[in-house]
Amino acid sequence: MKAAVFYGTGDIRVEEVEKPKIKEGHVLVEVKACGICGTDMHIYSGGMGPSAVEPPTILGHEFAGRVVEIGDGVSDIDVGDNVAIDPNIYCGHCHYCRMGKVHLCENLKNIGVILNGGFAEYCLVPQSQAYKLPPNMPYEVGAMVEPLACCLHGTDLAQIKPGDSVVILGGGAIGLIHAQLARLAGASSIIISEPSQGRRQLAERLGFDMLIDPTGCDVKARVETLMRYGADVVIEAAGLAKTARQAFGLVKNGGTVLQFGVVDETAEIQLKPFEIYQKEIKWIGSFINPYTHARALELLAKGRIEVLPLITHRYSLDNMEVGLKPDKRGDRVKAMVII
């Protein structure tokens with residue numbers, strides 16, 4: 001089969017590899033669509049550090065496809081079913097799993113990071129990680145279940161309430177999903193700060209009208225004009241050290257800063273502990289998608305979250321490396337590999 005194999009920083013090769021053999025408790029998925037995540041880009045560029053992945057491996061953890069073979073012991077999934085994949089596999093017996101915090105599992109294995117993933121024609125997946133899609137759901141929408149599930153976890157942690165004010169730093173796919181979830185949670189005011197005009201225009205088409213171009217104004221002053229005391233919740237969705245620091249100047253006293261974006265693991269910011277103490281700020285990290293995959297699928301199946309407009313760039317396996325590199329024009333929102 002054809003697959004895009006990651007060999008190291010800046011080195012991914014499309015080549016023929018052996019098709020996975022079915023085994024007990026697993027399903028063989030013919031991959032139809034696989035999103036390019038910020039995590040994939042960080043791994044490709046070396047920003048995740050050498051311990052993140054052991055090459056050679058096949059990346060791609062946001063994917064959907066059709067089941068073409070099932071192993072012994074598989075139930076409730078049949079050949080021909082369309083499925084979305086939860087890539088995160090927990091051991092179930094470590095300290096964190098037994099505490100109900102499975103996403104912090106000491107033995108966590110990720111399809112598309114540690115295990116071979118969806119940038120390939122076929123992927124072998126444990127039955128537990130496959131979620132059946134409604135028959136009429138496009139594969140591209142199914143591939144967006146995983147990023148939505150991660151954003152749902154962040155929304156749960158931020159505890160956005162009806163009437164809350166929310167600032168989102170970054171108007172890419174993740175930022176625009178967070179904006180839609182904040183709206184569903186009842187936020188009365190949602191500001192999106194995003195330098196790309198194309199992304200701001202997309203946000204406007206999705207119904208968001210409080211938009212800031214951070215390259216042309218003082219973001220803090222603009223937020224204080226629109227939200228007198230600052231925001232109840234600030235979500236960092238750009239994955240940049242400068243926006244991670246900026247978030248603390250935008251949150252109101254007693255508010256919450258949600259660090260969602262994947263910042264280069266070597267990056268540092270300057271922060272005064274007194275600032276957190278005096279303003280009683282909650283600073284929360286959000287990591288992957290514990291127990292949120294089924295909810296994300298329901299939201300997409302019922303049309304409560306729009307994801308197709310977010311997919312602005314589509315690539316084949318042969319030219320997918322373009323999507324792993326920085327977008328110089330800045331108009332790419334979500335890139336999808338169509339297989």
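## Two loop residues with positive phi

Glu 280 sits in the loop that runs between helix H9 (273–279) and strand E16 (282–285). Before going further, please keep in mind that this is a predicted model. Although Glu 280 is not a glycine, its phi is positive, at about 50°. Its relative accessibility is 62%, so Glu 280 counts as exposed, the cut-off for that class being over 50%.

Gln 159 is another residue to look at. Its phi is near 55°, a positive value in a residue other than glycine. You will find Gln 159 in the loop between H4 and E11. With a relative accessible area of 53%, Gln 159 is exposed.

## A cis peptide bond

Now move to the pair Pro 55 and Pro 56, which are joined by a cis peptide bond. The omega angle there is about -5°. Pro 56 belongs to the loop between helix H1 (38–45) and strand E4 (57–58).

## How H4 packs on H5

Two packed helices are described by the angle between their axes and the distance between the axes. For helix H4 (residues 145–158) and helix H5 (residues 173–184), the angle is about 55° and the axes are 10 Å apart. That makes H4 oblique to H5. The crossing in which H4 passes H5 is right-handed.

Which residues in H4 and H5 meet? From H4 come Pro 147, Leu 148, Cys 151, Leu 152, Gly 154 and Thr 155. On the H5 side, they meet Ile 174, Ile 177, His 178 and Leu 181. Sorted by class, this contact of H4 with H5 has 7 nonpolar and 3 polar residues, and no charged ones.

## The largest nonpolar core

In soluble globular proteins, nonpolar side chains tend to be buried together. In this model, the largest nonpolar core has 47 residues. Ile 235 and Leu 310 are the residues with the most contacts inside that core.

Technical notes:
Residues are numbered from 1 along each chain as its sequence is written. This is a predicted model: local features need pLDDT of at least 70, side-chain atom pairs count only at pLDDT 80 or more; totals for chains, interfaces and linings use all residues. Side-chain values use heavy atoms; hydrogens and water are left out. Axes are lines fitted to C-alpha atoms, for helices over the stretch in contact, and angles run from 0 to 180 degrees between N-to-C directions. Helices (H or I, at least four residues) and strands (E, at least two) are DSSP runs, numbered from the N terminus. Angles under 35 degrees count as roughly parallel, over 145 as roughly antiparallel, 65 to 115 as roughly perpendicular and the rest as oblique. A crossing is left-handed if the near helix is turned anticlockwise from the far one by less than a right angle, and right-handed if clockwise. Contact means heavy atoms within 4.5 Å. Ala, Val, Leu, Ile, Met, Phe, Trp, Tyr, Cys and Pro count as nonpolar, Asp, Glu, Lys and Arg as charged, and the others, Gly among them, as polar. A nonpolar core is a set of buried Ala, Val, Leu, Ile, Met, Phe, Trp, Tyr and Cys residues joined through side-chain atoms within 4.5 Å. Buried means under 20% relative accessible area, exposed over 50%, partly exposed in between (1.4 Å probe, protein chains only).
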